[in-house]
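Have a look at the model, then read on.

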Amino acid sequence: MFQEFLALQNIDFQVKKGESWGIIGTNGSGKSTLLKLICGILKPYKGSVFVNGRIAPLIELGAGFDGELTARENVLLNGALMGYPEDFMRKQFDKIVDFAELWEFLDMPIKNYSSGMAARLGFAVATMVQPDILICDEVLSVGDYKFQEKCENRMKHMLESGTTLLYVSHSIDSVKNICSHALWLDKGYVKMCGSTKEVCAAYMSC
């Protein structure tokens with residue numbers, strides 16, 4: 001026995017190349033489900049999702065990491081899962097660890113990392129090469145303020161260079177700081193879609 005539940009219904013929107021979209025809404029609104037559909041992790045029950053370009057997804061903390069392996073080993077593993085050859089990952093290795101600021105903990109198993117440390121490493125690997133589309137789902141909320149600022153600056157630089165961003169966050173200030181467009185989901189439906197300023201203002205006033 002089960003009861004059918006549709007996490008998203010009648011969603012219809014288009015993101016153009018180089019745009020930055022914040023996806024907002026209360027818990028259970030379907031934000032993460034929408035990102036997983038776009039990434040191809042989930043398949044739509046009805047309708048279609050069309051994506052043009054290479055995606056760098058940051059959907060869940062620790063996704064693609066093996067807790068028993070060290071950070072050093074996981075960087076190579078995560079790169080392989082993203083389709084990069086080992087020699088390429090070794091060339092990028094120092095830049096990744098420098099950005100994550102984890103040299104002291106490089107040979108420690110990931111299972112002993114805090115959520116913030118895992119987020120640092122995941123973000124550093126996902127953004128080591130500029131993707132066509134960067135998808136970020138609330139993973140930076142566990143990091144400290146300085147690292148969040150560092151990540152926001154990298155995302156802004158990537159946007160200036162043509163990357164498309166889909167960004168889920170409960171921090172409206174962060175959405176307003178990074179994104180030019182916003183999509184407000186409410187119980188699986190689109191409540192409002194448009195400029196970040198207008199959508200966030202409506203969301204905060206409800």
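A nonpolar core is a set of buried Ala, Val, Leu, Ile, Met, Phe, Trp, Tyr and Cys residues joined through side-chain atoms within 4.5 Å; buried means under 20% relative accessible area with a 1.4 Å probe, counting protein chains only. The model is predicted, so local features need pLDDT of at least 70 and side-chain atom pairs pLDDT 80 or more, while totals for chains, interfaces and linings use all residues. Residues are numbered from 1 along each chain as its sequence is written, and side-chain values use heavy atoms, without hydrogens or water.

The largest nonpolar core holds 42 residues, and Ile24, Ile96, Leu121 and Tyr167 have the most contacts inside it. Apart from it lies another core of 14 residues, including Leu34, Leu35, Ile38 and Leu166.

Now to the sheet. Its 6 strands form an open sheet in the order 2-3-4-1-5-6, with mixed pairing. Strands (E, at least two residues) and helices (H or I, at least four) are DSSP runs numbered from the N terminus, and two strands pair if DSSP finds at least two bridges between them. Strand 2 (55-58) and strand 6 (189-195) are the edge strands, each pairing on one side only. Strand 5 (residues 181-186) pairs with strand 6 in the antiparallel sense over 6 bridges; His181 has Ser195 of strand 6 as its bridge partner.

Angles run from 0 to 180 degrees between N-to-C directions of axes, which are lines fitted to C-alpha atoms, for helices over the stretch in contact (heavy atoms within 4.5 Å).

| Helix | Angle |
|---|---|
| Helix 1 (residues 31-39) | about 150 degrees to strand 3 (133-137) |
| Helix 7 (residues 196-205) | about 135 degrees to strand 6 |

Key:
Buried < 20%, exposed > 50% of the residue type's maximum accessible area, 1.4 Å probe, protein only.
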